[in-house]
Amino acid sequence: MKDKYFVKLTEVIEEKPWLYKFLSDEVKADRDIAKATFKKDGSMLEFAPDEFKSDKEMVLMAVDTGDAFLYASDELQHDIDVILLALEWDPVIIE
């Protein structure tokens, strides 16, 4: 179980996802914090650890809520599911 500070931080991130970029690397690496962020603002994937940029679930979540395609790993930038979702945001993204 997460301590009360992580619970509160998750609530704050849900309100202000842009704060993610100012968190420590350790906190950014927390999957629950990252999910709360990407569900609100996928562009914050830019500031995420590389492991999340290579995680299809996290990338799809981020691409679904923002301009995150270019921050995904090279492998996932060639994944058909990621491409199709990104095209919904920006029809010329693959150019």
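Is F38 buried or exposed? I looked this up first, keeping in mind that the model is predicted. F38 comes out as buried, with a relative accessibility of 0%.

**Entry: aromatic pairs**

I went through the rings next. The count comes to 2 aromatic pairs. I began with W18 and F22, whose ring centres are 6.4 Å apart. Their planes stand at 85 degrees, and over 60 counts as edge-to-face, so I noted the pair as edge-to-face. I then checked how open these two residues are. W18 is partly exposed, its relative accessible area being 43%. F22 reaches 59% relative accessibility and counts as exposed.

The other pair brought me back to F38. Its ring partner is Y20, with the centres 5.8 Å apart and the planes at 65 degrees, so this pair is edge-to-face too. I looked up where the partners sit: Y20 is in the loop between α1 (4–15) and α2 (25–28), while F38 belongs to helix α3 (residues 31–40). The pair therefore ties together parts that are 18 residues apart in sequence. Y20 is buried, at 0% relative accessibility, and F38 is buried at 0% as well.

**Entry: around Y20**

What does Y20 touch, leaving out residues up to four places away in sequence? I found I13, K28, I33, A34, T37, F38, M44, F47, A48, P49 and F52. I was pleased to meet F38 again in that list.

**Entry: the nonpolar core**

I turned to the largest nonpolar core, which has 26 residues. Y20 and F38 are among those with the most contacts inside it, together with L45, F52, V59 and V63. Which helices each supply at least two residues of this core? They are α3, α5 (56–64) and α7 (80–89). The one that gives the most is α5, with 5 residues.

**Entry: α3 against α5**

The axes of α3 and α5 come within 8 Å and cross at roughly 30 degrees. The cut-off for roughly parallel is under 35 degrees, so α3 is roughly parallel to α5. I also noted the hand: α3 passes α5 in a left-handed crossing.

Last, I listed the residues that make this contact. From α3 they are R31, A34, K35, F38 and K39. From α5 they are E57, M58, M61 and A62.

F38 pairs with the ring of Y20, has a place among the most connected residues of the core, and takes part in the contact of α3 with α5.

Methods
Residues are numbered from 1 along each chain as its sequence is written. This is a predicted model: local features need pLDDT of at least 70, side-chain atom pairs count only at pLDDT 80 or more; totals for chains, interfaces and linings use all residues. Side-chain values use heavy atoms; hydrogens and water are left out. Rings of Phe, Tyr and Trp (its six-membered ring) pair if their centres lie within 6.5 Å; planes under 30 degrees apart count as stacked, over 60 as edge-to-face and the rest as tilted. Buried means under 20% relative accessible area, exposed over 50%, partly exposed in between (1.4 Å probe, protein chains only). Helices (H or I, at least four residues) and strands (E, at least two) are DSSP runs, numbered from the N terminus. A nonpolar core is a set of buried Ala, Val, Leu, Ile, Met, Phe, Trp, Tyr and Cys residues joined through side-chain atoms within 4.5 Å. Contact means heavy atoms within 4.5 Å. Axes are lines fitted to C-alpha atoms, for helices over the stretch in contact, and angles run from 0 to 180 degrees between N-to-C directions. Angles under 35 degrees count as roughly parallel, over 145 as roughly antiparallel, 65 to 115 as roughly perpendicular and the rest as oblique. A crossing is left-handed if the near helix is turned anticlockwise from the far one by less than a right angle, and right-handed if clockwise.
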